[in-house]
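Open the model in your viewer and show it as a cartoon. We will start at one residue and then step back to the whole chain.

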Amino acid sequence: LRYVTVSNNHGSNLDDIFLGKMDNWQYPYWLNADIDDIRIYNRVLSASEVKGYCGTCNLNPPANDCDTTNLNTGRVLHLDFNGNTQDKSGNNNHAINFGATPVVGKNGQPNTAYRFDGISNYMEINSSSTTNITSNISIAAIVKINGFNPQLPMNASSILTKGNDNSVGFYTMRLIDDVTINNSDTNTSQFYGQFTNDGIVNIYN
């Protein structure tokens, strides 16, 4: 894995959200990976909340700098993929599945993640007022990368995208691999990115 990008072009649009690809016939950016959990927040998570989400409380001391108490606050979308594609945020932003298959998740339990084959599998979430975020945004995902497809430019793979690059209301989380990749570069990782209304981007993985 070379790097992860999170982008946001503040504003509102009526575009649906896509997981596993971008809604662009020329550059679909198909994703070859398993997604275990994915969330969108309408706020910026703190560093301690990021550690809480990623489960790294005991790996990166101090252990008390870890907050899971408010991870439900500000969710506009939460897909935990525990047996279904229902939105757990309470906003009814459920995903429609187009071919992704249930697989074993990060905790070793069956049917707690979905595999996207990098060829034709994706999910679609209908546009709603709650996903039209016009200020701060955080996107968090637990993803196991299974490989990259040669998709120019930059061999990009889309985890989540709403709209297209440079369109009003566009936001995305995508993987970038701009050189030849080998199997040692693919592993289980947590990705978290935030884009604030003052233009600051933070990426953790």
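In which strand does Ser138 lie? Select residues 137–147: this is strand β9, and Ser138 is part of it. Before going on, note that the model is predicted, with local features needing pLDDT of at least 70, side-chain atom pairs counting only at pLDDT 80 or more, and totals for chains, interfaces and linings using all residues. Numbering starts from 1 along each chain as its sequence is written, and side-chain values use heavy atoms, without hydrogens and water.

**Stop 1: Ser138**

Show the surface around Ser138. Is Ser138 buried or exposed? Ser138 counts as buried because its relative accessibility is 0%; buried means under 20% relative accessible area, exposed over 50%, partly exposed in between (1.4 Å probe, protein chains only).

**Stop 2: its side-chain partners**

The Ser138 side chain reaches the backbone oxygen of Arg43 at 2.6 Å. The Ser138 side chain also reaches the backbone nitrogen of Leu45, at 3.3 Å.

**Stop 3: Met173**

Select Met173 next. Met173 and Ser138 are 35 residues apart along the chain, and their C-alpha atoms are separated by 9.9 Å.

**Stop 4: the whole chain**

Zoom out and color by secondary structure. There are 13 strands and one helix, where helices (H or I, at least four residues) and strands (E, at least two) are DSSP runs numbered from the N terminus. The order from the N terminus is β-β-β-α-β-β-β-β-β-β-β-β-β-β. Of the 205 residues in the chain, 51% are buried.

Notes. Polar contact = N/O pair within 3.5 Å; in protein donor to acceptor, adjacent residues only side chain to side chain.
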